[in-house]
Amino acid sequence: MLPAIVALLMAGLPLQFSELVAPPDPREIWLDALQKCENENHVKKILDSNNKFSYGDFMFQMDTWLMYGKKFGATRDNIASSSLQRIVARNMLNKDGWRHWFICGKIVQKSFGQYPSSLNSKAVQKVYGDYE
């Protein structure tokens, strides 16, 4: 893409900034909002109301972490890894939607609509309108 932009600029053709910058992925915006809701204070471990501990940015309980994160290399030792939690959370959202984060999932859904498991979804249009 860079050679095309340079060629247009050298030819003196007008180029709008919106043509240079790709819109953010609405799935990442959804994940950011979920992460903020789940762990705004950046606590690494809490005792939940069900008497189980939850860990990290997305507040995974150990059983859930090991079950859904296994194919990504999740272990008991890396449950607080922010980057790995994001990968596992994205995968869970793509497969099952927000149901694993019952309270925060509902809160984020009210603001952004359903998690956009594909970029062609109506949720993307709700966040960005008809982007072209």
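Guide: With Arg86, which is buried at a relative accessible area of 15%. Buried means under 20% relative accessible area, exposed over 50%, partly exposed in between (1.4 Å probe, protein chains only). This is a predicted model: local features need pLDDT of at least 70, side-chain atom pairs count only at pLDDT 80 or more, and totals for chains, interfaces and linings use all residues. Residues are numbered from 1 along each chain as its sequence is written, and side-chain values use heavy atoms, with hydrogens and water left out.

Visitor: With which side chain does Arg86 make a polar contact?

Guide: A polar contact is a pair of N or O atoms within 3.5 Å; within protein, one must be able to donate a hydrogen and the other to accept it, and residues adjacent in sequence count only if both atoms are side-chain atoms. Here the Arg86 side chain pairs with that of Asp32, at 2.6 Å.

Visitor: At what angle do α3 and α5 pack?

Guide: Axes are lines fitted to C-alpha atoms, for helices over the stretch in contact, and angles run from 0 to 180 degrees between N-to-C directions. Helices α3 (residues 26-38) and α5 (residues 82-96) pack at about 115 degrees, axes 11 Å apart. Helices are DSSP runs (H or I, at least four residues), numbered from the N terminus. Roughly perpendicular covers 65 to 115 degrees, so α3 and α5 are roughly perpendicular.

Visitor: Is Trp65 buried or exposed?

Guide: Trp65 is buried, at 0% relative accessibility. Trp65 lies in helix α4 (residues 62-69).

Conventions
Helix = DSSP H or I, 4+ residues; strand = E, 2+ residues; numbered from the N terminus. Parallel < 35°, antiparallel > 145°, perpendicular 65-115°, else oblique.
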